[in-house]
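Please read this briefing alongside the sequence and the coordinates. The lead comes first, and grouped points come after it.

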Amino acid sequence: MGNSTLVFGRVVRAAADTEYIVDDRPNSGLLRPLTKLGGDEWGTLGTVLHLSRIPYEEPGAD
């Protein structure tokens, strides 16, 4: 990658303080995570959209 280093990894465990857990899930609004973009650039989560999942149906369930 030119004069840069590219790192790939796999998250095997994560932890969050209980004050950031809402309905048994980490709350991104409370955590306010950052993303590392490159060089001196960082990003924030921005607007979070809540979209309902499409219900799963077994094939031939009609």
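This is a predicted model: local features need pLDDT of at least 70, side-chain atom pairs count only at pLDDT 80 or more; totals for chains, interfaces and linings use all residues.

Residues are numbered from 1 along each chain as its sequence is written, and side-chain values use heavy atoms, with hydrogens and water left out. The chain has one helix and four strands, with helices (H or I, at least four residues) and strands (E, at least two) taken as DSSP runs and numbered from the N terminus. Read from the N terminus, the order of these elements is β-β-α-β-β.

**Confidence**

- The mean pLDDT of the chain is 87, and 95% of the residues reach 70 or more, where pLDDT stands for the predictor's confidence in each residue, from 0 to 100.
- Among the elements, the lowest mean pLDDT (86) belongs to strand β3, residues 34-38, and the highest (94) to strand β1, residues 21-22.

**Overall dimensions and surface**

- The chain has a radius of gyration of 18 Å, whereas a compact globule of 62 residues would have one near 11 Å; the radius is taken over C-alpha atoms, and the globule rule is 2.2 Å times the number of residues to the power 0.38.
- Along its principal axes, the C-alpha trace of the chain spans about 55 × 35 × 25 Å.
- Of the 62 residues of the chain, 2% count as buried, a class that means under 20% relative accessible area, with exposed meaning over 50% and partly exposed in between (1.4 Å probe, protein chains only).
- The chain exposes about 6,800 Å², of which carbon and sulfur atoms supply 52%; accessible areas come from the Shrake-Rupley method with a 1.4 Å probe, and for residues only the protein chains shown count as cover.
- The chain carries 6 positive and 9 negative side chains, and the centres of the two sets lie 9 Å apart; Lys and Arg count as positive and Asp and Glu as negative, while His and the chain ends are not counted, and the place of a charge is taken as NZ of Lys, CZ of Arg, CG of Asp or CD of Glu.

- Strands β3 and β4 (residues 41-44) run antiparallel and are joined by four bridges, and two strands are said to pair if DSSP finds at least two bridges between them.
- Across this pairing, Lys 36 stands opposite Trp 42 in β4, and Gly 38 stands opposite Glu 41 in β4.
- The hairpin has two residues between the strands, and Gly 39 takes a positive phi near 55° there.

- Most residues other than glycine have a negative phi.
- Asp 23, in the loop between β1 and β2 (25-26), has a positive phi of about 50° although it is not a glycine, and Asp 23 is exposed at a relative accessible area of 72%.
- Arg 32, in the loop between α1 (28-31) and β3, likewise has a positive phi of about 50° without being a glycine, and its relative accessible area of 68% makes Arg 32 exposed.

**Residues related across the sequence**

- Ser 28 lies in helix α1 and counts as partly exposed at 30% relative accessibility; Ser 28 and Val 48 are 20 residues apart in sequence and 8.5 Å apart in space, C-alpha to C-alpha.
- Val 12 belongs to the segment before β1 and counts as exposed at 65% relative accessibility; the C-alpha atoms of Val 12 and Thr 44, 32 residues apart along the chain, are separated by 23 Å.
- Ser 52 sits in the segment after β4 and is exposed, with a relative accessible area of 74%; 18 Å separates the C-alpha atoms of Ser 52 and Val 22, which are 30 residues apart along the chain.
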